[in-house]
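Me: I would like a close look at a single part of this model, with the cut-offs given as they come up.

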Amino acid sequence: MSNSNARSALRPERPLLVAAVLLTALVTAWLFVPTMVGHIAAMNVGSVDVTTSGATVTDGGQHLTTTLTIHNPTRRDIVFYSGLIHVYDGETQLTDGTTTPFGETTVPAKETVTLQVEIGLDPDRTARAKRAIRSDSATFSGNLRGRIGEKGIHVSVNTGGSER
């Protein structure tokens, strides 16, 4: 490289133009990376694992209480705010089919959180729910509603251990 070429690379003729291009590239990267990480996390929401354990009938038969274990393997925190969880004994639905409310729960990236929820029981099926829990024949299905950043998500609930 000749001396004049080295000098022009180190001291461009239009330093403001070079600075503007570099600034634009830095701002674009600064905005793009978090947005892209959020989109990738939302696309990978299928890898989030929600399992149930320890079901009991509570409140004089009005609710079924269970513990949800939520594992978030994505790179972004997930905030869950409600669910629609059903409990079955064979083909018979034991729950009342209403939304499962719980306080807003954040599951940090790459972490696991446990959450206790109360699911409304069908008042006519309380005795059957107790039998299903004792015999370990109660199965859970449904999903949790949440968000990654501003993007809404739904995550399936699995009975017992993970299928992954």
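Against which strands do the buried residues of α3 pack? Please go on from there to the salt bridges.

Reply: This is a predicted model, in which local features need pLDDT of at least 70 and side-chain atom pairs count only at pLDDT 80 or more, while totals for chains, interfaces and linings use all residues. Residues are numbered from 1 along each chain as its sequence is written, and side-chain values use heavy atoms, with hydrogens and water left out.

The buried residues of α3 pack against β1 (49–58), β3 (78–89) and β7 (138–148); contact here means heavy atoms within 4.5 Å. Helices (H or I, at least four residues) and strands (E, at least two) are DSSP runs, numbered from the N terminus.

Helix α3 spans residues 126–134, and its buried residues are Thr126, Ala129 and Ala132. They cover an arc of only 120° around the axis, so they sit on the same side of α3. The arc is taken from the directions from the helix axis to the C-beta atoms. An α-helix has 3.6 residues a turn, so residues three or four places apart point the same way. Buried means under 20% relative accessible area, exposed over 50%, and partly exposed in between (1.4 Å probe, protein chains only). After α3 comes Asp136, with a positive phi near 65°.

Now the salt bridges. The structure holds three of them, each defined as a side-chain nitrogen of Lys or Arg within 4 Å of a carboxyl oxygen of Asp or Glu.

Because Asp89 lies in strand β3 and Arg128 in helix α3, the pair ties together parts that are 39 residues apart in sequence. Asp89 counts as buried at 15% relative accessibility, whereas Arg128, at 30%, counts as partly exposed.

Another salt bridge joins Glu104 and Arg147, with the closest N and O atoms 3.3 Å apart. Glu104 belongs to strand β5 (residues 100–107) and Arg147 to strand β7, so this pair ties together parts 43 residues apart in sequence. Glu104 is exposed at 56% relative accessibility, and Arg147 is partly exposed at 27%.

There is also a salt bridge between Arg125 and Asp122, where the closest N and O atoms are 3.5 Å apart. Arg125 is partly exposed, at 31% relative accessibility, and Asp122 is buried, with a relative accessible area of 18%.
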